[in-house]
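Please look over the sequence and the 3D structure shown here. Keep both in view while you read.

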Amino acid sequence: MTKRTTWKLFRPLNLFILCLMTAVFLINIPNGDAFELNGFTDVSFTKSEKGGPAELRNGNFAFGTLDLYLAQTLEDTEVLVELIVEDGDILDLERVSVGYTFSDEFRIRAGRFHTPLGFWNTSYHHGVQLQPTIKRPEILKFEDEGGMIPAHMIGAYFSGRAGSFAGPIEYGVLIGNGPRITDYENRGKNSLVPNNTEDNNIGKAIAFHAAISPEAIEGLKVGFSGHISRVQTDSKALDANKDGTVDNPVDVDQTILAAAVKYTLGNIDLSGEYFSIKNKNHGGMTDTNNAYYGLATYSINDRFIPYLMYDKVLVDHDNPYSKSLGTQDTVNLTAGVRYNINYRSSIKGELRNIDMSGDDWNEYAVQWSLAF
């Protein structure tokens with residue numbers, strides 16, 4: 001797995017903030033209470049055929065992530081801290097939040113979150129034991145895996161759940177820093193950076209979502225979400241043309257809209273999400289990129305779960321946003337099976353056919369994941 005754009009713990013200020021938040025919370029824990037420590041880890045083997053990435057043609061075993069999270073709820077207050085060790089020696093702070101619940105209808109939290117776009121990004125976090133497949137859909141890749149949507153966001157999050165005549169409704173509004181495009185820590189490629197500790201422009205990003213589980217159709221859940229922000233390249237961003245010239249810097253007002261649906265019928269689960277990413281520069285020019293995925297799973301005694309996923313990303317090749325991030329037209333067809341050893345551990349095997357800008361190849365992957 002590749003590195004993800006996250007908050008580096010080794011920076012003194014970030015480490016101080018984390019320690020301060022943890023200490024403050026511990027001081028307020030009554031005797032007998034303690035943090036609940038949980039974690040995830042995984043190991044994978046992946047091999048690609050001719051046409052695929054050169055680094056995968058030999059077949060690679062790879063340590064995935066060691067994901068540790070601390071969570072505690074005391075009366076109406078809560079705190080969550082998620083730390084990840086990835087690529088063997090990189091320690092990242094993926095999520096941290098504090099919150100207060102006024103009622104089921106209204107809760108406020110502050111910190112770093114998974115952006116509430118669609119269902120997948122907030123349902124399945126970094127522990128791959130949670131998600132049904134080995135890989136996330138192409139459009140939902142994390143930022144420095146080449147993802148073109150802001151998967152993380154820092155700010156204040158207002159959310160709740162309320163009943164209605166049609167069924168329970170979930171909602172949320174997250175106001176925070178917008179992302180920027182940069183060559184993060186001189187990795188030699190551009191990526192979206194969530195702006196963990198500062199914003200590079202005065203405009204705040206807004207993410208919103210709403211979902212309903214209609215009582216008239218048992219097992220159905222539909223949702224709508226969005227993210228509005230100004231996205232700019234900074235002085236460290238690499239030239240998108242890779243020819244030494246610096247042109248078409250990204251400075252766009254971006255609107256992402258998403259629709260999502262899940263439906264469970266007996267042992268069958270169906271889900272799908274659609275994303276529209278519209279960029280408007282200050283000259284009035286616009287471009288739109290589209291992506292979607294569909295996933296079907298079938299559970300056999302909650303032990304064997306075959307699945308099939310189709311996902312696609314279509315980009316406007318002339319727009320500086322996708323060029324700067326290196327995003328290409330991609331179509332993935334994934335067929336696999338998950339075997340649940342128990343409720344904490346599973347083995348998945350996948351065959352993928354990948355078409356990226358006309359280059360086509362197959363990949364095989366096996367993953368053993370664990371929650372503890």
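This report covers some strands, their pairing and a surface patch.

## Ground rules

This is a predicted model: local features need pLDDT of at least 70, side-chain atom pairs count only at pLDDT 80 or more, and totals for chains, interfaces and linings use all residues. Residues are numbered from 1 along each chain as its sequence is written, and side-chain values use heavy atoms, leaving out hydrogens and water.

Strands here are DSSP runs of E, at least two residues long, numbered from the N terminus. Two strands pair if DSSP finds at least two bridges between them.

## Strand β15 and its two faces

In a regular strand the side chains alternate between the two faces of the sheet. Strand β15 covers residues 286-298, and its side chains alternate. Asp287, Asn289, Ala291, Tyr293, Leu295 and Thr297 point to one face and are buried. Buried means under 20% relative accessible area (1.4 Å probe, protein chains only).

## Partners of β15

β15 pairs with strand β14 (residues 268-281) in the antiparallel sense, over 13 bridges. Tyr292 in β15 is the bridge partner of Tyr274. The hairpin of β14 and β15 has 4 residues between the strands, and Gly284 takes a positive phi near 95°.

β15 also runs antiparallel to strand β16 (residues 304-314), joined by 8 bridges. Here Leu295 has Met309 in β16 as its bridge partner. This hairpin has 5 residues between its strands. Asn301 in the turn has a positive phi of about 60°.

## Strand β4, enclosed

Strand β4 (residues 77-86) has 7 of its 10 residues buried, so it is largely enclosed by the rest of the structure. Strand β3 (residues 60-74) runs antiparallel to β4, and 10 bridges join them. Leu74 has Thr77 in β4 as its bridge partner. Between β3 and β4 lie 2 residues, and Glu75 in this turn has a positive phi of about 55°.

β4 also pairs with strand β5 (residues 90-103), antiparallel, over 10 bridges. Ile84 stands opposite Asp92 in β5.

## A nonpolar patch

A nonpolar surface patch of about 880 Å² includes Leu265, Tyr298, Phe304 and Trp368. Patch residues have over 30% relative accessible area and no salt bridge, and nonpolar side chains (Val, Leu, Ile, Met, Phe, Trp, Tyr) are joined within 5 Å. A salt bridge is a side-chain nitrogen of Lys or Arg within 4 Å of a carboxyl oxygen of Asp or Glu. Areas come from the Shrake-Rupley method with a 1.4 Å probe.

The largest share of the nonpolar patch, 3 residues, comes from β17. Leu265 sits in strand β13 (residues 251-265).

Methods
Buried means under 20% relative accessible area, exposed over 50%, partly exposed in between (1.4 Å probe, protein chains only). Patches are made of residues with over 30% relative accessible area and no salt bridge: like charges are joined within 9 Å, nonpolar side chains (Val, Leu, Ile, Met, Phe, Trp, Tyr) within 5 Å.
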